[in-house]
Amino acid sequence: MHNRRKGLLKYFSLAAGSILLSLWLPHAAFAEPVPVDSLLPERSEKEIAAKWNQWMKNAHDAGDGAFAEIPSSKSPYRAGKLKDGYLEKGLNAANFYRFVSGLPADLVLDESLNRQAQHGAVTIAANGRLTHNPVQPEDMPQDFFELGEKSAGSSNIYWTTSGTDNVLVRSVEAYMDDSDSSNIDRVGHRRWILSPQLKRIGFGLAAASNGKQDGYYSAMQVFDQSREGQLDFNYILYPNKGAFPLDVLRGIRPGRYI
């Protein structure tokens, strides 16, 4: 028993000595971790102003209208087609937000994705509500619905009561804001637009007057991952470090999105 107690005392003495040693270690041993850089560029105020004037200064102007071919969300259903200039403003808005975030601002419109998004917008408008899982109207052709359903399941979707300005631009602004209570915990719409793999996008737009949720429905195809090459980055900030245009954080037009 005496030997065991002596051994225990020796153990506790060593332990106490270890505690005292740790208390006297220099503070350098517990230095703060070195911050990890995003590796993405910070845009200067001059650079941002130049892109704003190029892409966003007149972005909300609907010009001479949205449609080259009018869509129909009632039978007989028609996908319709947006005017090139109207589409380009939506593209420019998406590229502007990528630019201020330090990402490549070189997204392109894909004709097949525009066509798909038009079918999606019409199909959602025919349902009269925002949904990624539309129900097929009884009088809608099967092939039309299948393309519309595919679009609805692979798009950011937006609804607004007014089509007097460029709805595509307003939709991109809403997706980037992404502060709706059902989205703010993951900001998924914003993350799709700022995806490092994104290269090709498409937009669709259709009106609904069916007594349910009248207004304009827009679909933005964002599930593309066709960008070639590897982007060197650690993380993406929004707002980005450095200069950032406060104008993009103000005046988001009322609307809904999913």
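Start your tour by selecting Asn-166, which caps the N-terminal end of helix 6 with a side-chain oxygen 3.0 Å from the backbone nitrogen of Leu-168. As you look around, keep in mind that this is a predicted model.

**Along helix 6**

Now extend your selection to residues 167-177, which make up helix 6. Ten of these eleven residues are buried, so the helix is largely enclosed by the rest of the structure. Colour the buried ones if you like: Val-167, Leu-168, Val-169, Arg-170, Ser-171, Val-172, Glu-173, Ala-174, Tyr-175 and Met-176.

**Over to strand 4**

You will find Asn-156 in strand 4, which spans residues 155-160. Is Asn-156 buried or exposed? Its relative accessibility is 2%, so Asn-156 counts as buried. Show its side chain and follow it to the backbone oxygen of His-189, 3.4 Å away.

**A pair of helices**

Next, select helix 2 (residues 45-56) together with helix 3 (residues 84-100). Their axes come within 10 Å and cross at roughly 170°. That angle is over 145 degrees, the cut-off for roughly antiparallel, which means helix 2 is roughly antiparallel to helix 3. To see where they meet, show Glu-47, Ile-48, Lys-51, Trp-52, Trp-55 and Met-56 from helix 2, then Asn-92, Ala-93, Asn-95, Phe-96, Phe-99 and Val-100 from helix 3. By class, this contact has eight nonpolar, two polar and two charged residues.

**Into the cores**

Which residues touch the most other members of the largest nonpolar core? Select Leu-82, Tyr-86, Val-172, Ile-193, Ile-201 and Met-220 to see them, out of 40 residues in that core. Helix 2, helix 3, helix 6 and strand 5 (200-208) each give two or more residues to this core, and helix 3 gives the most, with nine.

Zoom in on Ile-201 for a closer look. Setting aside residues up to four places away in sequence, Ile-201 touches Leu-91, Ala-94, Leu-107, Val-108, Leu-109, Asp-110, Leu-113, Asn-114, Met-220 and Gln-221.

For the last stop, turn to another core, which lies apart from the largest one and has 17 residues. Select Tyr-77, Met-140, Ile-157 and Ala-208, which are among them.

Key
Residues numbered from 1 in each chain as written. Predicted model: local features only at pLDDT ≥ 70, side-chain atom pairs only at ≥ 80, totals over all residues. Heavy atoms only, no water. Helix = DSSP H or I, 4+ residues; strand = E, 2+ residues; numbered from the N terminus. Buried < 20%, exposed > 50% of the residue type's maximum accessible area, 1.4 Å probe, protein only. Polar contact = N/O pair within 3.5 Å; in protein donor to acceptor, adjacent residues only side chain to side chain. Axes fitted to C-alpha atoms, helices over the stretch in contact; angles between N-to-C directions. Parallel < 35°, antiparallel > 145°, perpendicular 65-115°, else oblique. Contact = heavy atoms within 4.5 Å. Nonpolar A, V, L, I, M, F, W, Y, C, P; charged D, E, K, R; others polar. Core = buried A, V, L, I, M, F, W, Y, C linked by side-chain atoms within 4.5 Å.
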